Amino acid sequence: MAEAYSIPGHVRDYIIETGYDLPDGGMAHHISEWLALYRSEGEFWDYEELDGRSVYRMHRRTIRPFKRVCVEWSSLILGDETRIGTDDERCNEWLDAKLPSIGFLRNGQALLQRAFALGTGCWAVWVNTEAMSLQVRRFDARMVVPLSWDDDGVSEVALCTRVWHAGKPYDQVQMHVLSFDGYHITTACFDENGDEVQLEGVLPDLPTHSFDPWFAIVRPAIDNDLVDMSPYGVSVYKDAVDALKAVDTAYDAMLSEVDLGKLRIFLSDGMFEVMGTGGEMVSAIPFGRNDATVYRQGNMGGDQRPIYDYAPALRTEAQAKVYRISLQTMGDLCGFGLGYFDIDDAGGLKTATEVSADNSQLMRNLRNHEAVVQGAVEAIVRALIQAAPLVGEELPDPGRVTMKFDDSIITDTAAEKAQDMAEVAAGIMAEWEYRVKWYGEDEATARANAPGGVVEAPALMG
């Protein structure tokens, strides 16, 4: 199994010494389980089988369905055409340059993947006063320790991670705490022995002079019914674990069916060894990489043929049907709807390239998740603008910070076609324009193919 990060005991002790009680540990077990599922690790995928004499280490093939679910949600929510803006044009110009330079949307998709897998994620502004630069760091549930919270959300937090300085690892904890003059970001570092050390260039206390937090918690829009009053969210696949495991069970069975259905060749004993000219026993057939498909007939009784082949009938069609049903169930239980996941003609996994607006389950869940993410994005962008003066970039008050999601994938194709045909009939849209839009033709071809269309001759230059 891959190494999994966890907050060291000395960091937890440090947080308690500063006067805070840690959240109830009831969620830690769930977060650890969700991470193993996200990585497709554990006894379900790697296990042992006993045949009465020997123990075999087995591996179940996987399409990593738990991760796939999180990747799909993150790509649906934060698409390439997502737009973030403010009421102030100068702030907009600054954001248009800053957000791509720090990879905010690209890294944001990675954060959403982990947040939807583990139930919680966090964005936080990171200030480098020496290099005079800003960054937005991301943390998943294992690194996030809420310190103060209520029904409105988390108001104070500790963010724990591992950093490397001069080639040596250190544990770092940054606490965003509210004081009488606004939020302070305090930073403490610990060496491998658990002793607190002061690293060069690390400010122990950074006053933000802002009463708005410079962090933003991200969670799926799913109620936490595992631990009452917990500040943590829950995984998007919390209620679909068995269904997603069934996907890998069906996938592995389908491939095993092909492997077990290979042609088997049975040879008589005389085909294996014969007497050589010098009296020695030699192999009568050349053995190569396909030896595993060749077997001795042994004492099978009756008249034995020198060569006997056997190829069992494959049940791949039935296996593929079970696999398809498992994928559809996965989509249903994870909020995408029954038709979102399917098998393509080549047997691989495919998803809907266009999400029809009549998929009410997906639309409802997508809007709920977007609302939660939108609040977090707008909060962290506002914090980024507030932090700009610390690196010598004075910006005015941005006013409202707004986020427009990329809804290009969400279409109701039939309704849109009907509307366009009505506009053609009414003379609002030209017939060639309809062909360009729906048939993908260029303008010249569309004009020629439209009823009564002609190919326009190029204008002559006088």
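## Strand pairing in the sheet

Strand S4 (residues 121–128) runs antiparallel to S5 and is joined to S5 by 8 bridges, strands being DSSP runs (E, at least two residues) numbered from the N terminus that pair if DSSP finds at least two bridges between them. Valine 125 has valine 136 in S5 opposite it. This is a predicted model, in which local features need pLDDT of at least 70 and side-chain atom pairs count only at pLDDT 80 or more, while totals for chains, interfaces and linings use all residues. Residues are numbered from 1 along each chain as its sequence is written, and side-chain values use heavy atoms, with hydrogens and water left out.

The two strands belong to an open sheet of 3 strands in the order S5-S4-S12, with antiparallel pairing. Strand S5 (133–140) and strand S12 (215–218) each have a single partner strand, so one side of each is left without a neighbour in the sheet.

## The largest pocket

The largest pocket holds about 590 Å³ of space; a pocket is an open set of points on a 1 Å grid over the protein atoms alone, where a 1.4 Å probe fits, with protein on both sides within 12 Å along at least five of seven lines, and lining residues have an atom within 4 Å of a point. Of its 24 lining residues, the closest to the centre are Asp151, Asp152, Gly153, Val154 and Arg219. Helix H8 supplies the largest share of this lining, 4 residues.

## The second largest pocket

The second largest pocket has a volume of about 450 Å³, and among its 20 lining residues Trp126, Val127, Gln174, Gly201 and Val202 are the closest to its centre. S4 gives the most to this lining, with 4 residues.

Key. Points joined across faces, edges and corners; volume = space filled by probe spheres on them.
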